[in-house]
Amino acid sequence: MLLIPCPWCGERDVHEFHCGGEAHITRPAGADTIDDAAWADYLFMRQNPKGLYYERWNHAHGCRKWFHVVRDTVSDQILAVYQMDEAPPDIPGRSS
Amino acid sequence: MGSGSMADARSPLAHLDGATVIERDGVRLAENPDAGKVNLRGDAGDAVWLAAIQAAVEIDLPQAPNTSTETPPLSALWLAPDEWMLVCADGSEGDVVASLEGAVAEFHASVVDVTDARTVFRLSGAGARNLLAKGCALDLHPRAFGLGDVAQTMLAKAAVILHQTTDDADEAGPVFDIYVPRSFADYLWSWLTDAIG
Ligand SMILES: [Zn+2]
């Protein structure tokens, strides 16, 4: 059972959550003028790393709040949890 | 549902013809379709707003996640950092809503009568924790989930609100109120009935 640590509710079964995908993707300015390639890059292209991944999660069947998780995609180990308005933390000894 | 022009509330287990109490092997399960329920949202960081709520309904909203407060006849259950459910006596939800609406008028807040959105299954007895554990991934050991604790979680894949209202040391054993959406009530009742064995 994979446990996701909600910042409010503590560790809960992953089935209570919805994963919102990669975090810290900024909507490009001038959406009406940028070309299709740049728009497609914003919409569809993700890092899909083997290793550290900064992603958004929602506690859908609990408090329904969004938050950030740093997860190792190899081991599913969760290395940090932080709020939606916080900057991504550095993980000591690891590079993303 | 209290007085008014709307039709009388009907239990989602009405088709069971009143067979909504089960007692077996140290567990008692009964439906309590009558509690009034009011969803309240607002800014928990705003002391003025909290004071307005306290003045209106005379209960302090719980601030710690997944806890509850009780000032009879009201209980307040923490649902999110900005959301609570007030549980009140059958038929009094209209008065609770009116009091809260008066209090929150000047604030960015919301008050919704959700009485008929969910019914309540009251599960009690020494075997209640083991029964819940059959279908719930929560740590249900008394040191992790005890008197007054609240959780929104999954029970047999149904999204429920779980609230322990009576202590394990009580003669009747722990009592859990399980708030289940009425469209899931028949399913979850069947599951619980089967799980009791
Ligand atoms: Zn949560």
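Strands here are DSSP runs of at least two residues, numbered from the N terminus, and loops such as the one between β9 and β10 of chain B, where B:Ala156 lies, are named from them. Please keep in mind while reading that this is a predicted model. Here are my notes, point by point.

1. **A salt bridge inside chain A.** Do have a look at A:Arg12 and A:Glu16 as well. Their side chains form a salt bridge, with N to O at 3.0 Å. Are these two residues buried or exposed? Both A:Arg12 and A:Glu16 are buried.

2. **The extent of the interface.** The size of an interface is often given as the accessible area lost when the parts come together. For chain B and chain A, that buried area comes to about 1000 Å², and carbon and sulfur atoms give 54% of it. On the chain B side, B:Ala137, B:Gln152 and B:Met154 lose the most area to chain A, together accounting for 40% of what that side buries. Chain B brings 16 residues to the contact and chain A brings 11 residues.

3. **Polar links across the interface.** The rule finds 2 salt bridges between chain B and chain A, along with 6 residue pairs in polar contact, both partners being at pLDDT 80 or more. Which strands of chain B supply at least two residues each to the side that touches chain A? They are β5 (74-80) and β9 (150-155). β9(B) gives the most to that side, with 4 residues.

4. **A salt-bridge network.** One salt bridge to inspect is that of A:Lys65 with B:Asp82, whose side chains meet at 3.0 Å, N to O. A:Lys65 and B:Asp82 also belong to a network of salt bridges that links them with A:Arg64, B:Arg41 and B:Glu83. Over all chains, the structure holds 10 salt bridges.

5. **Two salt bridges within chain B.** B:Asp177 pairs with B:Arg122, and the closest N and O atoms are 2.7 Å apart. This pair links distant parts of the chain, since B:Asp177 sits in strand β11 (residues 175-181) and B:Arg122 in strand β8 (residues 118-124), 55 residues apart. B:Asp177 counts as buried because its relative accessibility is 5%, while B:Arg122, with a relative accessible area of 37%, is partly exposed. The other pair is B:Glu23 with B:Arg28, at 3.7 Å from N to O. Here B:Glu23 counts as exposed because its relative accessibility is 60%, and B:Arg28 is partly exposed at 35%.

6. Why does B:His163 count as buried? Its relative accessibility is 6%, and the cut-off for buried is under 20%. The side chain of B:His163 makes a polar contact with the side chain of B:Ser68, at 3.0 Å. Leaving aside neighbours within four places in sequence, B:His163 is in contact with residues including B:Leu77, B:Val150, B:Phe176 and B:Tyr179. B:Asp177, from the salt bridge with B:Arg122, is also among the contacts of B:His163.

7. **Backbone details.** B:Pro72 and B:Pro73 are joined by a cis peptide bond, with omega about 5°, and B:Pro73 lies in the loop between β4 (68-71) and β5. B:Asp17, in the segment before β1 (21-24), has phi near 60°, a positive value in a residue other than glycine. B:Ala156 is not a glycine either, yet has a positive phi of about 50°.

Conventions: Residues numbered from 1 in each chain as written. Chains lettered and ligands numbered in written order. Predicted model: local features only at pLDDT ≥ 70, side-chain atom pairs only at ≥ 80, totals over all residues. Heavy atoms only, no water. Contact = heavy atoms within 4.5 Å. Buried area = accessible area lost by both parts, 1.4 Å probe. Salt bridge = Lys/Arg side-chain N within 4 Å of Asp/Glu carboxyl O. Polar contact = N/O pair within 3.5 Å; in protein donor to acceptor, adjacent residues only side chain to side chain. Buried < 20%, exposed > 50% of the residue type's maximum accessible area, 1.4 Å probe, protein only.
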